[in-house]
Amino acid sequence: MFRSVLMLAATLSLSASAAEPAASDKHFVFRDPNSRDTVMFVLDAPLEVINGLSNQVTGRVDVQGQKASGRFQVPVKSIKTGNETRDGHLQNDRWLDAAKHPDIVFEFKDVALPAPLANAKPVVLKTKGTFTIHGITREEPVEVTATYLQETAETKNRAAGELLRVRAKFQIPLEAYGIQRTEALLLKVGERAEVTVDAWGSTQFKP
């Protein structure tokens, strides 16, 4: 009887060790060579809706146990709105001032994950991160969905290595970052930019 119990315990132990492991102490670089990552924003105002898009997202996320830290940046000059004149306005010194402040940066540190990253199981969290826009740094709330994917023949169609897909959404209050809406633009540019991000990192991408 005792021997049977030991054999059962050993079998259960082997089964547990063969179970799919959670991601731990992983380092993901975001630098898609095919520029498929997206940052999109919407400025919704009474007279006009402005949509902006950039596919130049770079960064890094480090996962250690159930905590994550990371940094992302987007070049201001990579943001396109579908109108070259408007793009020029976006980059000038009254708006994002690409000459003095070439990148928009988002950073977070030691964010507690609600659950360990496990293969193909999205982790959703509401947290805060630090944004640097137009030379001003502020903390803002952000909602993030992170999905870890172990390398398979299917995931290699996206990129080699273990992958981390990060989707996020947040709002940016324009005037808080020194972006002044002139009187002529009050009805054309909303008070806040609604921003969404969809980016993929890999353990195999080069920094």
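The following dialogue examines how terms are applied to this predicted model.

Student: What makes up the secondary structure of the protein chain?

Tutor: There are two helices and 12 strands. These elements are DSSP runs numbered from the N terminus, with helices (H or I) of at least four residues and strands (E) of at least two. From the N terminus on, their order is α-β-β-β-β-β-β-α-β-β-β-β-β-β.

Student: Why is the pair of Phe 30 and Phe 72 called edge-to-face?

Tutor: Rings of Phe, Tyr and Trp (its six-membered ring) pair if their centres lie within 6.5 Å; planes under 30 degrees apart count as stacked, over 60 as edge-to-face and the rest as tilted. The centres of Phe 30 and Phe 72 are 4.8 Å apart and the planes stand at 70°, so the pair is edge-to-face. The pair links distant parts of the chain, with Phe 30 in strand β2 (residues 26-30) and Phe 72 in strand β6 (residues 67-75), 42 residues apart. The structure holds six aromatic pairs.

Student: How do you know whether Phe 30 and Phe 72 are buried or exposed?

Tutor: Buried means under 20% relative accessible area, exposed over 50%, and partly exposed in between (1.4 Å probe, protein chains only). Phe 30 has a relative accessible area of 0% and is therefore buried. Phe 72, at 10%, likewise counts as buried.

Student: Why is the pair of Phe 131 and Phe 170 called tilted?

Tutor: The ring centres of Phe 131 and Phe 170 are 4.6 Å apart and their planes are at 50°, so the pair is tilted. Phe 131 lies in strand β9 (residues 123-133) and Phe 170 in strand β11 (residues 163-173), so the pair ties together parts 39 residues apart in sequence. Phe 131 counts as buried at 3% relative accessibility, as does Phe 170 at 12%. Together with Phe 106 and Phe 108, Phe 131 and Phe 170 form one aromatic cluster.

Student: What makes β9 a paired strand, and which strands are its partners?

Tutor: Two strands pair if DSSP finds at least two bridges between them. Three bridges join strand β7 (residues 103-112) to β9, and these strands run antiparallel; here Val 105 has Thr 132 in β9 as its bridge partner. β9 is also joined by 11 bridges to strand β10 (residues 136-149), again antiparallel, with Val 124 bridged to Thr 145 in β10. The hairpin of β9 and β10 has two residues between the strands, and His 134 takes a positive phi near 60° there.

Student: What makes a nonpolar core, and which residues touch the most other members of the largest one?

Tutor: A nonpolar core is a set of buried Ala, Val, Leu, Ile, Met, Phe, Trp, Tyr and Cys residues joined through side-chain atoms within 4.5 Å. The largest has 43 residues, of which Phe 30, Leu 164, Ile 172 and Val 195 touch the most other members. Its largest share, five residues, comes from β11. A second, separate core of six residues includes Val 29, Leu 149, Trp 200 and Phe 205.

Student: Why is Thr 58 counted as buried, and what does Thr 58 contact?

Tutor: Thr 58, which lies in strand β5 (residues 58-64), has a relative accessibility of 18% and therefore counts as buried. Leaving aside neighbours within four places in sequence, Thr 58 contacts Phe 30, Arg 31, Arg 71, Phe 72 and Gln 73.

Notes:
Residues are numbered from 1 along each chain as its sequence is written. This is a predicted model: local features need pLDDT of at least 70, side-chain atom pairs count only at pLDDT 80 or more; totals for chains, interfaces and linings use all residues. Side-chain values use heavy atoms; hydrogens and water are left out. Contact means heavy atoms within 4.5 Å.
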